[in-house]
Amino acid sequence: MPVNETTTEAIRVMTICNACRYCEGHCAVFPAMERQTEFTQNNIELLSNLCHQCGACYQHCQYADPHEFNVNVPAVFEQARLESYTQFLWPAFMQPAVLNGSKFMVTSLLVSISLFLVAVAGQSGVSQILAPQVNFYNLMPHSVMASIFSFSAVVVVISWWMTLRGYWHSISLPSPWSIGMASYSAAIASALTLKNLDGGHGSGCYESGESPSLWKRRYHHLVLIGFFMCFSATLAGTFYHYGLNIAAPYSWLTPPKILGVTGGIMLLVGCTGLFRIKQTTDQRLVSNDNGYGMSLTVLLFLTSLTGLGLPIAKGTGALGLLLAVHLGCVLALFLNFAWGKFTHGFFRLIALVADEHQKTQ
Amino acid sequence: MTSLAHFDVIVLGGGQAGLTAAITAAENGATVCILEIAPRALRGGNTRHTRNLRPMHESGAFPMEGAYGFDEYLDDLLRVTGGDTDHALAELTIRESEHSITWLQDHGVAFQPPLSGTLQLGRTNAFFLGGGKALVNSLYRVATNLGVHTIYEATDIALNISGDRFIDLTYQQVNNTHHISGHSLVAAAGGFEANLDWLEEAWGPAARNFLVRGTPYNKGNILRQLLDAKFKQVGDPGQCHAVAIDGRAPAYDGGIVSRVDSVPLGIVVNNEGKRFFDEGEDFWPKRYAIWGRLIAAQADQIGYAITDAKADGLFMPTVLPPLKSTTIDDLARQINIPADSLLKTIDEFNAATVSGSFDHQALDGCRTEGLPINKSHWARQIDTPPYSAYPLRPGITFTYLGVAVDDRARVQVEGGNPSENIFAAGEMMAGNILGRGYLAGIGMTIGSVFGRIAGREAARHAS
């Protein structure tokens, strides 16, 4: 089977690593590498998605540049991951969204925000858009909001299903039902704890240089937990609306508000931290992804910022604009869920499941 | 020439021994400077290619298993050196090795369980998580935090020694000559294994066909100056530790991945197509160290490890694939040795194998009988294509020649007394303890122990 340039380089590097094995203790990649009898496109798709880009193996590599072997696992695996995100993306015509991450993000933001501005203006009247408002639903009826996002959610879920199905088969995983519960739970535990960002010694990763740091892991945890809290806030709000028949806005001490505000603040802090880490990252470890990686962080940050601004803007003339911008961010985030960096979580989780499953074979 | 700088302790060489000495001296209050010949990215000497050391331990505490006590350790050392060791220093090294893991952990070095493919080393050897370069990075980080000044690409170091005393030195950096002085000097600049001219003195022209497994920077410049200054030498100048490695490996710095572990699973022939030693004498980890010398003794310093399809997958994967063919005839052509001779060797070998139950993880009963050179274990007929061949060359790892030291790491003057301010650690003095032979992880152990002693004594002298 012909393989492309990235896979060829990944196979070259893995062949050297498999003869060395000094990095065996750093993360899941190297023990998984040792289980392969040969390196192929398919197991590079698995190994590259097991890599969490912690950089330990690069900083500790006796064969890294300027050695003539020029081994750089994190950089080639990042490229390989990007290719797997592209290759399996459904529908295929959305693949340019991966290759041009920044452009896709900016375009989806502009289109989504415009859409909601038009909708808000249509609902309240152009002249009233800057009038002081207290109630969202005067600006945009709940039913419209719910319809737009329900439809988007369905598109997202179908897209995930199709995309991840392709990946699942490609890395030779058997039917999901034939994989033991223990493999799933171990994989989920690794994903939730970000075990593979601890360096193998618990001191963290090396993306910014030779000293290990736990900050990337911590910031990522803040983002992940913040995201789940905001998601729970939405579920709680839905329950209040349909179950309890209580319409928004909710007061500060209700579950939707507590979860949303806390989660939003965690997202702001976590995303800021991840931006900072991006700035200090050793450039030798990364390959150019045209903004694909950062697009999710930007969207989460903007969504939280505008969301936290809403209660503050209540009763002012800014509420209409801010609501349109916030909903635009959320819609752009939904597009990212389907066709942006958000899918990395699923790819990694499936790779971890495959890794745990292989261990049992 | 730039102005004179002064330090309490000057350390020559920034591998484990030098770093340990520098850190220990700094922790004892000394101002310290390390002169490292390599650029920053290639710093650390051969420590960069190492992966473990060998500590004495009774507890089996992580990362060790079981116990490896003083007596057993000393027995092992006496066995491999054939007694060619300074007993007092050997005992000191073994006793002090008990503290090496803790010392390294306290200085940021992480350990891990034994790597896969390392036979039965979990009890005797402690593996660095991420390998030797991770250790080097940690120790440099600690040294920097302690205020140790490291100068990279410090070449052409010229020592000014008066009698047995170090006075000062000059070095070159980017075509500038610099001049520094120090109260104490710690020499930890490794052996001369990367100096083919020097090796040729001992090995003759054969040395030109050696591959240097480690750093290209160990030219022995400092060792030569100390010996020229009439400090007492130890270790056989004509000996080096050489293993059989892939003949296609880089001339320098190939490191661990240049290994070829297929030898015990097949036969090894020279370029006349003839076998020359028992390939199955013992487990490969116990025998690879003699094969460098065996191949160095063959014409053109080359050998070929030949296996058939039955051996595939039974040994550690290699970076470069073997030369392969479905016929012996064609394989011989590929490696450019006489086909009729290779066929004859294999026919005779096949005919001499006695049937037994093959087990590559045990000393099995598969052997040959009636050959001038029999194979003791793992002898199976070479009859299943495709056949594989790996070219083998001697890969030199370290040299034994060094300067004699006492139990305070002070270098010894010919005839007795120690220098008051010149200390040595690491490969430069390892010959005191490992006069010959090989014991996995002993080099790093000596570097760790004598690095600490030299650092402590150098700082004490400077204060």
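Predicted model: local features only at pLDDT ≥ 70, side-chain atom pairs only at ≥ 80, totals over all residues.

I began with the contact between the chains, where 25 residues of chain A are in contact with 27 residues of chain B.

I then turned to the domains of chain A, for which the assignment gives domain 1 (5–87) and domain 2 (96–360). Their C-alpha centres lie 28 Å apart, and the contact takes 27 residues from domain 1 and 29 residues from domain 2 of chain A. On the domain 1 side, the elements giving two or more residues are helix 2 (29–35), helix 3 (41–50), helix 4 and helix 5 (73–87) of chain A, with helix 5 of chain A giving the most, 8 residues. By class, I recorded 12 nonpolar, 12 polar and 3 charged residues for this side of domain 1.

Last, I looked at a helix pair in chain B: helix 1 (residues 16–27) and helix 11 (residues 442–462) of chain B pack at an angle of about 30°, with their axes 7 Å apart, and their crossing is right-handed. The residues of this contact divide into 10 nonpolar, 7 polar and 2 charged. Among those that meet are B:Ala17, B:Ala21 and B:Ile23 in helix 1 of chain B, and B:Gly447, B:Phe450 and B:Arg452 in helix 11 of chain B.

Notes. Residues numbered from 1 in each chain as written. Chains lettered and ligands numbered in written order. Axes fitted to C-alpha atoms, helices over the stretch in contact; angles between N-to-C directions. Helix = DSSP H or I, 4+ residues; strand = E, 2+ residues; numbered from the N terminus. Left-handed = near helix turned anticlockwise from the far one by under 90°. Contact = placed C-beta atoms within 7 Å. Nonpolar A, V, L, I, M, F, W, Y, C, P; charged D, E, K, R; others polar. Domains from an automatic or database assignment.
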